[in-house]
Each structure stands twice: as structure tokens, then as C-alpha cells.
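Me: I would like a close look at one helix pair and its surroundings. Please keep to what the model shows.
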Amino acid sequence: MGATAQIQIVFHPTQLEHAPAREFLDGAWVDYLESPRRPRMILDALAQAQLGPVSEPDDFGLAPIRAVHADRYLDYLQSAYAKWIADGRSRDGVYPDTFYKPGFLHRSSGIGGQAGAYAFDLSAPITAHTWPAAYWSAQSALTAARLVREGAHAAFALCRPPGHHAHADLCGGYCFLNNAAIAAEYLIQSSTPMSGDRAQTRIAILDVDFHHGNGTQAIFYRRSDVLFVSLHADPDRQYPYFMGGSDERGEGEGEGFNWNYPLPAGTDDARYLATLDEACARIADFAPRYLVVSLGVDTFGGDPLGDFALTGDAFPRIGARLAQLRLPTVFIMEGGYAIEQLGANVAGMLGGFAKG
Ligand SMILES: [Zn+2]
């Protein structure tokens, strides 16, 4: 369809400063995969593809973040590293060693207990630079959302750190603030309901990251104004293990507004695109006013964290399929760790959308 549309790209350089040295993966300490090289590679590829201009986000302050996350959790994220150091613990970052589980009776007020209560794994260590990076990542999401609310057909927030594993009061999986949820909630709160429609603005969130977006699902699980649809690795086999089953359909008012598509190891382009068709049909039925896409490319066959077999050709096709929904769309960057192909895969998806 005609000439390629431009997609405004939003990114703040402070997002590069969060750079933990290592993470615990498959029983070993490894170099931190969610590194500042990721956004650099993506920016290079987007510039080469001439997808659109890059701008820095505006500062919306804490209010739209508080609309999604618990105050005590936000206080923790901002103060944890200083408390951790004051307690004589490792300067490498806040790595909890003991995790709160249901049935435990004491809620510890010290930093060791807080760290284990507000994290669900060891891959979201908090350093001195984590809060500013996560804050500006969320502001990038908000700015992209506002661009779309003000009439852009699409915008891309190069969020990093990513967000879809973060719950209202939990960090994990490289995520601290749930950028997709913050963008969706902002769109709901800042948009007037459509004329003749008493219901709130409806938003669909489609998560195409390799991993289930457990945080996003949890945040909207009891809501009927946000449809959450996710294609991801079967949690019987892959992270985050404890959410992402096809039987999770929402609760209470939210029942029927959560759809998970767990997929097997080795999922190829054809299988993935066929499942994406089903997901897109659900979104079309829901008739949302906006689409928020949690854009992960760790579905790529060469990804060190994934076990799907998507080729580079799949990403423009995914983008083109999303464009067929004809919805104002906010793209929020999530995962993707095959560093050499990362930029091309992200540019491929956005380019496929722009051409669609
Ligand atoms: Zn992922």
C-alpha cells in the first residue's frame, strides 16, 4: 500500500546507563544479556532503514507510573541500592538471596527481605543507575503513547530496560517498570470515551516476545477494558514458568479478556504466523481504540534465550499482519538477545508495519 510511512522513535540516553555485570542463568553466572549494546544496535538499524526520526521523551513525572505500580514498590526501586550498600552488601547490585513465598509469615522491613519480596528472580539486579534508566524507559513509552493519541498512526518506544515481566510490585526478567502497561493505562486515562459509547476506551495489548508477559497479564487480569493477548514459549518448558498457560483467561470482570498462546520448541515462521492470525482475529473482535505491541524479537531462531526457529523474514511479515488491524499502534520494545541480528529484526518488524 503506497509509500512507507514514518514511525517516530522515542529514546533517552539515560536508558543506556543501567548496565549490571552479570545474571544467574541456567545455574551459572553469565554476562548480563540485556546490555546497553541492545538499544545501540537497534538505533543503528533503524537509522539505516530510515524508518523515522528519533526524539527524546518528555517528562510525564511519576503520576502515570503510579497509576500502574504500587507506591511502596516505587519507593523500593528508588532507594534499594543505597540501602543495600549501607547494609554492607555487594556493590555489584541488589541480588536477593531469599524469596518471599505464600505461607511465609513475616514481612521483613530490612533491605535483604525487601529485595526478596519485590523480585521474583535474579535477572533484575538494581544498581545505582537502574531507577533513572527505568524511569526514562517508561517516559519513552508514555511519549510514544501520546504521539499516537495525538494522531500518529504508530510510534516506537525503544524501551530499555524492558517491562513486560514487571508486576505492579515485582521486578524480574530484566524488567522494573511495566512500560506497556503504563502506556496502555495512560491511553485509557487520557482519552475521552468514543462518542455514543459509555464504556471506557478499550485497549488491546499484543505481546509477541518469546517469553510470556506475566507482568502485563497480572496487571490487567481483572479488567475488561484491556485485552491481553500473548504468543510465547510454553511455560512448562520456558521462563517465566509460573504464568502463561492457555487456561489463564482472566478473572472476575476480566474473564474472557486474556488469551495466551503457548507454543512448542522449534516453532517456525508458518506455525507462528498462523497463531498470530488467531490472535489478531481476537483483537479485531474486541474492536479496541488503540493497540499496544510488546515487541520482542527473541523468537528469532538464533536467540540465546529462545528455542523458536523464526527466520529474519518472519519479522516484516509479523509487522505487515499487525498493520492489517488498521489500529493506531504503540510499539514498546521488550526482548531480543541475538545481538548481531537484533537491529535488523526490530527494523524488519517496524518496516513491515510501515509498508503494510
Ligand atoms: Zn523475552
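Which residues in H8 meet which residues in H9?

Reply: This is a predicted model, in which local features need pLDDT of at least 70 and side-chain atom pairs count only at pLDDT 80 or more, while totals for chains, interfaces and linings use all residues. Residues are numbered from 1 along each chain as its sequence is written. The chain has a mean pLDDT of 96, and 97% of its residues reach 70 or more (pLDDT is the predictor's confidence in each residue, from 0 to 100).

On the H8 side, Asp 269, Tyr 272, Leu 273, Leu 276 and Cys 280 meet Ala 314, Arg 317, Ile 318 and Arg 321 of H9 (contact: C-beta atoms, placed from the backbone, within 7 Å; helices are DSSP runs of H or I, at least four residues, and strands runs of E, at least two, numbered from the N terminus). The two axes come within 11 Å and cross at roughly 15° (axes are lines fitted to C-alpha atoms over the stretch in contact, with angles from 0 to 180 degrees between N-to-C directions). H8 is therefore roughly parallel to H9 (under 35 degrees; over 145 is roughly antiparallel, 65 to 115 roughly perpendicular, the rest oblique). Their crossing is right-handed (the near helix is turned clockwise from the far one by less than a right angle; anticlockwise is left-handed).

H9 spans residues 314-323, and its buried residues are Ala 314, Phe 315, Pro 316, Ile 318, Gly 319 and Leu 322 (buried: 20 or more other C-beta atoms within 10 Å; exposed: 12 or fewer; partly exposed in between).

The loop between H8 and S9 contains Ala 287. Its phi is near 55°, a positive value in a residue other than glycine. Most residues other than glycine have a negative phi. Ala 287 counts as exposed because it has 10 C-beta neighbours inside 10 Å.

How values were computed:
Two residues are in contact if their C-beta atoms, placed from the backbone, lie within 7 Å.
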